[in-house]
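Subject: Structure handover

Hello,

My notes follow below it.

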Amino acid sequence: MKTGGELIVEALAANQVERLFCVPGESYLAVLDALYDTGIGVTVCRAEGGAAMMAEAWGKLTGKPGICFVTRGPGATNASPGIHIARQDSTPLILFIGQVQRDAREREAFQEVEYRRFFADTAKWVAEIDDARRIPEFVTRAFSVATSGRPGPVVLALPEDMLTDKVEAVAAQGWQPVETGPSPACIEKLADLLQGATKPFMILGGSRWSEHAVRSITRFAEKWHLPVGCSFRRQMLFDHLHPNYAGDVGIGINPALATRVKEADVLLLVGGRFGEMPSSGYTLIDSPYPKQTLIHVYPDADELGRVYRPSLAINSAPDTFAEAVEHLAPPSHINWPGEAETAHESYLAWSTPPKIGPGKVAMGLIMSYLESVLPEDAIMTNGAGNYATWLHRFHRFRRFGTQAAPTSGSMGYGLPAAVAAKQLNPERMVICFAGDGCFLMNGQDFATAVKYGLPIIVLVINNNIYGTIRMHQEREYPGRVSATDLTNPDFAMLARAYGGHGETVAATEEFEGAWQRAVESGKPAIIEIQLDPEAITPARTLSDIRNKRP
């Protein structure tokens, strides 16, 4: 006889869960008690939104479901941003929610929420476990649903009294991943379409990748001399200094790269949906009928043909597709000589930071310094905002597993993601980029980094405004500033108040010393970079936008 709480924890262990993220609540005390006797790591967070984002980052970096526990009502609703991120980013995640006791359901009891309705549009599956004997069944199914096809979030509600029931139940077993692969006929047709091309282009995106798959797809690109782009915030899928790399297909795309995608005669899209952001608002590929010959490779058949009707649809996970094409023999004659080299030269020019800018801080020079000192395996995290342009455009990702960023464009993600990344990879450097507005959305979880001794380095690019919104505001309503100014704390002092290391950079030449001291401190660190609000993008100032200057 075991309690429901014990069965939950046993099911997690059977599915090889190493760590979970939580904010404790009285609605699942039985689970917390059962965790006391296990080796599963527990990261206690300061807000449910941060906990869910940590779990999402864990899922993004491992390919296995990130696990998050929160209490009922406000605990669950506070966690909802993490569910939305996991949905749009196709990340496996399981959110367990303590629920009111069963005999109080449908009475609007204290903190009661009907989670099937609340999460209906954002989760892949939402269920409530009413019978403790079915816990192994529900949890194993949750792992399967979260990882199969297009990965995504699952929500399981756990009535408080169900968790204390003592029952006999079958022993939980681990889930079996469901793999999809291309047929020989699909690979043969792909080869035929590519052989007839003169301007082919390959775009890598989505989830369900592995280091092995990245190596395999790289060898395929080399053999076929294909220029390769990475979808929005999926840049770790191809080495940026590889001669076939053409750049990231995302927000603020290199105009030359946008033209290349539009003019491609064969476009091979592997792993991604090619949604609004990477498609530049659905302008790079016409919907529903692309001008390009589109070959779309995706692990979920429901997404193939949903927005774009492909010439060839291949229902396959990236891993199995990459393995299938790795040794595919190229034609004896390539119809597109030099295309990859030209695309890479354009990328190198586009990704070289500017040396000057308005104000005393030149972010381009700071990025150049970081590129000279960061190890290739450093993990970069960020949330959303114009500040992220400096990272996405000028940092050259070299290895798989070095990026955790929300394709959903969620603010407040970078810091929680950095905490999870450092717990997953304690031997590697983890750097979080955050704007001042972005950081303060989940800044309280800097305390979590301090609690667990995680020496992440947070670069807070502070311009005292909601920069992206101000940019749009100045473009649409020039000179009419409303609701975009911010008042901020001393971020370096805030870091020290939490028990971390703090630095302030008010001029470019101060950054190198501040960086070195932060690294040598061995503590979680915040480096506040005081950026002039005029430096709204690498190429344009707010005045340029306000006055309609290109």
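Just after helix H3, Gly-63 takes a positive phi of about 80 degrees. This is a predicted model: local features need pLDDT of at least 70, side-chain atom pairs count only at pLDDT 80 or more, and totals for chains, interfaces and linings use all residues. Residues are numbered from 1 along each chain as its sequence is written, and side-chain values use heavy atoms, with hydrogens and water left out.

Helix H3

H3 covers residues 48-62. Helices here are DSSP runs of H or I with at least four residues, strands are runs of E with at least two, and both are numbered from the N terminus. At 1.5 Å a residue, the 15 residues of H3 should span 21 Å. The expected span is 1.5 Å times one less than the number of residues. The end C-alpha atoms of H3 are 21 Å apart, which agrees. Of its 15 residues, 14 are buried, so H3 is largely enclosed by the rest of the structure. Buried means under 20% relative accessible area, exposed over 50%, and partly exposed in between (1.4 Å probe, protein chains only).

Ser-410

Ser-410 sits in the loop between strand S16 (403-404) and helix H15 (414-424). Its relative accessibility is 14%, so Ser-410 counts as buried. Leaving aside neighbours within four places in sequence, Ser-410 is in contact with Met-53, Ile-85, Gly-383 and Ala-384. Contact means heavy atoms within 4.5 Å.

The sheet

Six strands form an open sheet with parallel pairing, in the order S11-S10-S9-S12-S13-S14. Two strands pair if DSSP finds at least two bridges between them. Strands S11 (245-249) and S14 (312-315) stand at the edges with a single partner strand each, so one side of each has no neighbour in the sheet. Neighbouring strands are turned by 15 degrees against each other on average, direction ignored. Axes are lines fitted to C-alpha atoms, for helices over the stretch in contact, and angles run from 0 to 180 degrees between N-to-C directions.

Five bridges join S12 (residues 266-270) to S13 (residues 293-298). Leu-268 has Ile-295 in S13 as its bridge partner. Helix H8 (residues 184-195) packs on the sheet and touches S9 (200-204), S12, S13 and S14. The direction of H8 makes about 140 degrees with that of S14.

H1 and H6

The axes of H1 (residues 4-14) and H6 (residues 135-147) come within 9 Å and cross at roughly 35 degrees. Gly-4, Leu-7, Ile-8, Ala-11 and Leu-12 of H1 meet Ile-135, Val-139 and Phe-143 of H6.

Regards
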